[in-house]
Amino acid sequence: VIVVLPQVYDQHYWAGRVDTLGIGIAHRHRRPTADSLATALELALEPGVTGRARAVSTTLRSDGARIAARRLVSQWES
C-alpha cells in the first residue's frame, strides 16, 4: 500500500498513475497535514486498494537495477 506525496517533475505523473491504477493514493495537498495524511492512509488501506496493490506486486521485477547495470557495462565494454 502506498501514499504518494509528489513534489516536483514526474512525481506528479507517477502519483497519478498509482491513483488511476487503484494501487495507492496520490496525496493532492501541497502541504500535508496530519488530517490529510490520515485520510490518505485510510483510503490506501481500504480492502479494494490493498487487494489491487497485492495483485500488481506479483508482476513487478526486483532486478531492474541489476539489468540496467549489466547493459551499461556491456555497452561500455563493446
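Predicted model: local features only at pLDDT ≥ 70, side-chain atom pairs only at ≥ 80, totals over all residues.
Let me begin with D19, which at 30% relative accessibility counts as partly exposed, where buried means under 20% relative accessible area, exposed means over 50%, and partly exposed lies in between, using a 1.4 Å probe and protein chains only. Residues are numbered from 1 along each chain as its sequence is written, and side-chain values use heavy atoms, with hydrogens and water left out.

What does D19 pair with? D19 forms a salt bridge with R28, and their closest N and O atoms are 3.7 Å apart, a salt bridge being a side-chain nitrogen of Lys or Arg within 4 Å of a carboxyl oxygen of Asp or Glu. R28, at 60% relative accessibility, counts as exposed. By this rule there are two salt bridges, and the other partners I will show you are D63 and R61, whose closest N and O atoms are 2.9 Å apart. Here D63 is buried, at a relative accessible area of 18%, whereas R61 is exposed, at 63%. R61 sits in the loop between α3 (47-57) and α4 (64-77), and its C-alpha atom is separated by 25 Å from that of E46, 15 residues away along the chain.

Now to helix α1, residues 11-21, in which A15, G16 and V18 are buried. These three cover an arc of only 160 degrees around the axis, so they lie on the same side of α1; the arc is taken from the directions from the helix axis to the C-beta atoms. Helices here are DSSP runs of H or I with at least four residues, and strands are runs of E with at least two, numbered from the N terminus. The buried residues of α1 are covered by elements including β1 (3-4) and β2 (25-26), with contact meaning heavy atoms within 4.5 Å. After α1 comes G22, whose phi is positive, near 75 degrees.

Finally, the aromatic rings: rings of Phe, Tyr and Trp (its six-membered ring) pair if their centres lie within 6.5 Å, with planes under 30 degrees apart counted as stacked, over 60 as edge-to-face and the rest as tilted. By this rule there is one aromatic pair. The ring centres of Y13 and W14 are 4.8 Å apart and their planes stand at 80 degrees, so the pair is edge-to-face. Y13 itself, at 48% relative accessibility, counts as partly exposed.
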